[in-house]
Amino acid sequence: MLLAFETSCDETSAALIHAGRVLGNVVSSQVKLHAEYGGVVPELAAREHLRNLMPVCRKALSQAGVKAERLDAVAATQGPGLPSALMVGLKAGQAVAFALRRPFIGIHHHEAHLYSPWITGSPPAADFSGFCPHVALIASGGHTLLVHVKGETRHHLLGSTLDDAAGECFDKVGKLMGLPYPAGPEMDRLAQSGNPAAYRFPRPMLDEPNDDFSFSGLKTSVRYFLRDHPVLLKDARAVRDLCASVQRAIVEVLVAKAVRAARRLGLACVTASGGVTCNHELRTQLAAACQQEHLALRFAEKGLCTDNAAMIGILAERKLAANPGGTSLDADILPSWELQ
Ligand code: KG4
Ligand code: ZN
């Protein structure tokens with residue numbers, strides 16, 4: 001029975017995992033707190049994690065019907081992420097492991113995202129039956145990555161964003177348009193009744209022969225466009241068209257680069273996770289592109305796209321099976337930990 005914590009950004013989460021099954025998974029989002037400031041404020045995030053982690057943990061234990069004494073191991077996100085936020089979950093996990101004299105393991109947040117598309121069903125459980133080497137797209141507010149997953153816990157980073165992440169681009173463009181933080185879901189909603197061909201914005205790095213992304217130029221181009229056409233923001237229809245047009249630009253780049261990488265590497269499958277993969281247009285376009293290229297496609301289920309401790313725990317259980325010693329109880333956070 002494994003207890004996992006996730007506190008790398010603005011979600012406080014605890015999960016109970018047993019033999020690949022998610023017995024409890026509680027996520028407390030801080031999004032309302034940070035909305036007032038238009039983005040995540042690291043010190044406020046850490047303070048909220050401190051306040052919420054133990055109540056969230058108790059709720060997960062009771063959801064799973066498990067007493068703390070029954071725990072066999074503890075895991076927590078060790079990096080990458082906001083230093084003060086990571087510190088809360090990592091040190092709490094190490095303290096629980098120390099008190100119960102159980103092994104502890106620190107987990108790489110992005111590596112855990114790689115495995116969330118393989119958690120399915122109700123109650124959720126890890127199902128690696130269809131697993132084959134694939135390209136994984138991870139797109140959220142803090143990261144945009146393409147990873148070649150060669151086997152379970154064997155992977156190679158193909159590329160990542162050179163500046164803003166895809167979700168950050170949604171959020172910053174939405175802010176320019178006066179939408180509340182985080183603007184991604186609202187842009188998605190407005191775009192559904194907008195015309196994606198109404199305005200033409202750049203598709204950054206689409207034609208460059210690498211697997212990297214860059215979204216800050218797109219954001220700047222929208223800023224200049226809005227500066228030159230401020231009246232558009234007073235027109236509800238134009239706002240919907242703007243949302244659809246910006247969304248199309250972001251999605252086109254994500255889809256084209258993920259599918260191109262899979263084709264180049266001769267892989268038969270693509271997976272996608274991270275908050276941005278909740279986006280309807282991304283789901284539709286990626287599904288269409290994969291179908292056209294005869295690639296299998298696996299999305300993380302919507303509740304597991306965003307940050308959660310279930311994915312941390314599922315990976316931790318597999319890692320502990322291979323390395324029962326785990327991570328030292330003195331190990332420190334790794335805020336800039338690179339995916340190997
Ligand atoms: O994975 P996540 O919960 O947190 C991290 O950033 O790690 O992702 C949050 C990001 C935010 O930028 C949010 O605007 C974006 O995911 N997002 C979306 C949608 N839902 C969440 N972006 C576009 N369309 C959506 N439906
Ligand atoms: Zn994440």
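User: Which backbone atom comes up against an oxygen atom of ligand 1?
Analyst: Bear in mind that this is a predicted model. A backbone N or O atom of Gly275 sits 3.0 Å from an oxygen atom of ligand 1.

User: And what about side chains?
Analyst: In the side chain of Asp188, an N or O atom is 2.8 Å from a nitrogen atom of ligand 1. Asp307 also takes part, with a side-chain N or O atom 3.0 Å from an oxygen atom of the ligand.

User: How much of ligand 1 does the protein cover?
Analyst: On its own ligand 1 has 550 Å² of accessible area, and the protein covers 90% of that.

User: OK, which residues come nearest to ligand 1?
Analyst: There are 19 residues around ligand 1, and the nearest are Gly141, Asp171, Asp188, Gly275 and Asn279.

User: What sort of residues make up that shell, nonpolar, polar or charged?
Analyst: Ten are polar, five are nonpolar and four are charged.

User: Where in the fold do they come from?
Analyst: Helices α5 (166–176) and α6 (183–191) each give at least two residues to the shell around ligand 1. Looking at domains, domain 1 (2–124 + 304–322) and domain 2 (134–300) each contribute at least three.

User: Switching to the metal. What coordinates the zinc ion?
Analyst: The zinc ion (ligand 2) is held by His109 (NE2), His113 (NE2) and Asp307 (OD), at 2.1 to 2.2 Å. The spacing of those donors in sequence is H-x3-H-x193-D.

User: So what does the pair His109 and Asp307 tie together?
Analyst: Parts of the chain that are 198 residues apart in sequence, because His109 is in helix α4 (residues 109–115) while Asp307 is in the loop between α10 (302–305) and α11 (309–322).

User: Is Asp307 buried or exposed?
Analyst: Buried, because its relative accessibility is 11% and the cut-off for buried is under 20%. His109 is buried too, with a relative accessible area of 1%.

User: New topic: where does Asp164 sit?
Analyst: Asp164 is in the loop between β10 (154–160) and α5. At 7% relative accessibility, Asp164 counts as buried.

User: What does the side chain of Asp164 make a polar contact with?
Analyst: With the side chain of Lys219, at 3.0 Å.

Conventions. Residues numbered from 1 in each chain as written. Chains lettered and ligands numbered in written order. Predicted model: local features only at pLDDT ≥ 70, side-chain atom pairs only at ≥ 80, totals over all residues. Heavy atoms only, no water. Near = heavy atom within 4 Å. Polar contact = N/O pair within 3.5 Å; in protein donor to acceptor, adjacent residues only side chain to side chain. Areas by Shrake-Rupley, 256 points an atom, 1.4 Å probe, with all protein chains shown as cover. Helix = DSSP H or I, 4+ residues; strand = E, 2+ residues; numbered from the N terminus. Nonpolar A, V, L, I, M, F, W, Y, C, P; charged D, E, K, R; others polar. Domains from an automatic or database assignment. Donors = N, O, S within 2.8 Å, 3.2 Å for Na, K, Ca; no water. Buried < 20%, exposed > 50% of the residue type's maximum accessible area, 1.4 Å probe, protein only.
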